[in-house]
There are 2 protein chains.
Amino acid sequence: MSTSSNVVKKNKEGGLEGIIAGNSEICEVGVGSHGEHSLHYRGYTIEDLASNASFEEVAWLLLRGKLPNKNELATYKEKLRKLRDLPSTCKHILEEIPAHAHMLDVMRTGCSVLGNLEPESKKHDQYAVADRLIACFSSFFLYWYKFHHQKKRADLNSNEDTTAGHILRVLHEKTPNELQKQALNATLILYAEHEFNASTFTVRTIASTLSDFYSAICGGIGALKGPLHGGANEEAIILIQKFMTPEDAENGIKQMLNEKKLVMGFGHRVYKVVDPRSTFVKAWANKLSIDSKDKHLYPIANRIEEVMWDSKHLFPNLDFYSALVFYYLNIPTNMFTPLFATSRISGWSAHLMEQRANNRLIRPLANYIGPSLQKWIPLEKR
Amino acid sequence: MSTSSNVVKKNKEGGLEGIIAGNSEICEVGVGSHGEHSLHYRGYTIEDLASNASFEEVAWLLLRGKLPNKNELATYKEKLRKLRDLPSTCKHILEEIPAHAHMLDVMRTGCSVLGNLEPESKKHDQYAVADRLIACFSSFFLYWYKFHHQKKRADLNSNEDTTAGHILRVLHEKTPNELQKQALNATLILYAEHEFNASTFTVRTIASTLSDFYSAICGGIGALKGPLHGGANEEAIILIQKFMTPEDAENGIKQMLNEKKLVMGFGHRVYKVVDPRSTFVKAWANKLSIDSKDKHLYPIANRIEEVMWDSKHLFPNLDFYSALVFYYLNIPTNMFTPLFATSRISGWSAHLMEQRANNRLIRPLANYIGPSLQKWIPLEKR
């Protein structure tokens, strides 16, 4: 009846699938066997948070473990508002990075540079670094993007008191409407935290050597970039935009499945029946499609969802419909994963602090399957 | 007789201690119960490699799976020699990073910048990126260090055909002697690879999302920085230099142990009796102490080793005596961990490629121990 041999076998296959890597008080991913999947941050349901909260409120909750009261939230929003601008050295460096760079590479570099300019210290402690990064994470790519692609030096200060409003205002240089702000706010909340996903686990592994805050976050950005993780939302919109009609999409997806091609934005390592975040983000995509009078992409996305379920019993994950939300907000495609990062910095920061509070060096073992003992042959005789 | 509950319990405590996280053909850490600890790279013993090989030969072995022949090694050394210089944009950026920065933060930033300037592509494939980084990893910190601390723009080209010789020449601006080159070469070999240590596991986790080469390596640099990992060699020399005599060291260490302070450079997560690399690096430290006519630090280090063994049965790991080797080579203390990285880039690259060749997203689970379901309270009522 021992399951230990199965556990070891699974581990050897890599990926740590099904392996518990530690305790956490931050996020509960509930996976029921009959599809009753749920997601809680610090005990609050994702439904309550995405319907009622602001992203700043959720960031506070993740980092401080409880919801802020009215005064605390107002003070926090004002604090973040003042921390959005970047040091001039950081801006110079962003100007030196080429226009053809990948925006996640730009973010990773911006974050790494800031780690040199404003290093973690007793005075600039982990909460200060976390708040700074939550406030200025979008600044790295917004500044770089506008400099290289619109030939402008962006003003990174705005009077918008929410992260969502600020990003839309700086990007589009006009006041976003309420619907747009709400849609981006809700999407940021849904992206904020998701247990021991690959980027968060990277952050915790780096933190476990007692390295500094920025080093851990740079690792998280790097992990998020991959198409099997954050990169999926960019892949999703590229896919959706390939098709002209729902029928065209149906045929195209079926062909992809026949050719055993991976369709990005579907399925999940942990969820097996539904992604509880998907319902929300889909509703926002629908509202925005109506608001923008677009009758083109939303029906195509819907048909792709139907085909994937009928053919493979695969469901859309958060990345699929969030791609559509970002599209309707006129956000450039290569900014989709950076926006994911702009939200997830809150979850990463919470996990980094939790790892430090009860640290144990993360250092697993490998199962050696390489060559047996080799006799040394001097260079001359090879 | 089931051990699965123990396994799960261990996992919950974090650190993945004793957990096999995947297969690997690169490195075998042999841990016998009676102290017969061993370390093999691709089947070759660390004794053979450290006694006979060049660092470039070992890098080739790690990346390509077999030893190079004479022609291959000569071509490879010449290739690396030509890849040491940095693009001018990268140099400008290194000049913008403050003089008080941590050198690992400088390396992480330099590597991140290079990822924007020379991104991975079909033309610039993973072997090209690996060789480029193996060649220029020391350039990031040597250029930055000489610019800010010696007010010079370093010439990063040298005719030295070994990494060890090149580093010593650029740093000291004179021809290193054979003993110095050999000591650094052997130390680089000992640092090149060590299975699923925290930085390598970070690299593999980032690579498992199918992110790019530089993103993974930036994560590795960040993890190595921590004092529970690469940072230990800097801590070790700071400790050794605190004492004036062996007697002074004995008393000081005993006092630290009484106060339950951590003595860096001792013990190991995997090795339990001896670190097989330590014998070699200690012999080099001894040779260099004789060559430099220093009768001061080596005896102090020896006494610390004795006290740690007698009091705690803890043995010096690679970081303890390598700190002394670097010291005798007149290398500034804050360059010790960067030199570790300059070597480990070879092992990281090999693991990154191995991860990609048989990829599985690294995504473990957390054991949720946080608050139960919380009722949402509107902001106004908090």
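The model is predicted: local features need pLDDT of at least 70, side-chain atom pairs count only at pLDDT 80 or more, and totals for chains, interfaces and linings use all residues. Residues are numbered from 1 along each chain as its sequence is written, chains are lettered from A and ligands numbered from 1 in the order in which they are written, and side-chain values use heavy atoms, without hydrogens and water.

**Exercise 1.** Work out how H9(A) and H14(A) are oriented to each other.

Step 1. Find the helices, which are DSSP runs (H or I, at least four residues) numbered from the N terminus. H9 spans residues 178-191 of chain A and H14 spans residues 278-291 of chain A.

Step 2. Take the angle and the distance. They are about 160 degrees and 10 Å between the axes. Axes are lines fitted to C-alpha atoms over the stretch in contact, and angles run from 0 to 180 degrees between N-to-C directions.

Step 3. Classify. Angles over 145 degrees count as roughly antiparallel. H9(A) and H14(A) are therefore roughly antiparallel.

Step 4. List contacts (heavy atoms within 4.5 Å). Residues of H9(A), including A:Leu179 and A:Leu190, meet residues of H14(A), including A:Phe280 and A:Trp284.

**Exercise 2.** Classify the aromatic pair of A:Tyr143 and A:Phe147.

Step 1. Apply the criteria: ring centres within 6.5 Å make a pair, and planes under 30 degrees apart count as stacked.

Step 2. Read the geometry. The centres are 6.5 Å apart, with 10 degrees between the planes, and the pair is stacked.

Step 3. Place the residues. Both lie in helix H7 (residues 126-149) of chain A, 4 residues apart. Both A:Tyr143 and A:Phe147 are buried (under 20% relative accessible area, 1.4 Å probe, protein chains only).

Notes. Helix = DSSP H or I, 4+ residues; strand = E, 2+ residues; numbered from the N terminus. Parallel < 35°, antiparallel > 145°, perpendicular 65-115°, else oblique. Phe/Tyr/Trp six-rings, centres within 6.5 Å; stacked < 30°, edge-to-face > 60°. Buried < 20%, exposed > 50% of the residue type's maximum accessible area, 1.4 Å probe, protein only.
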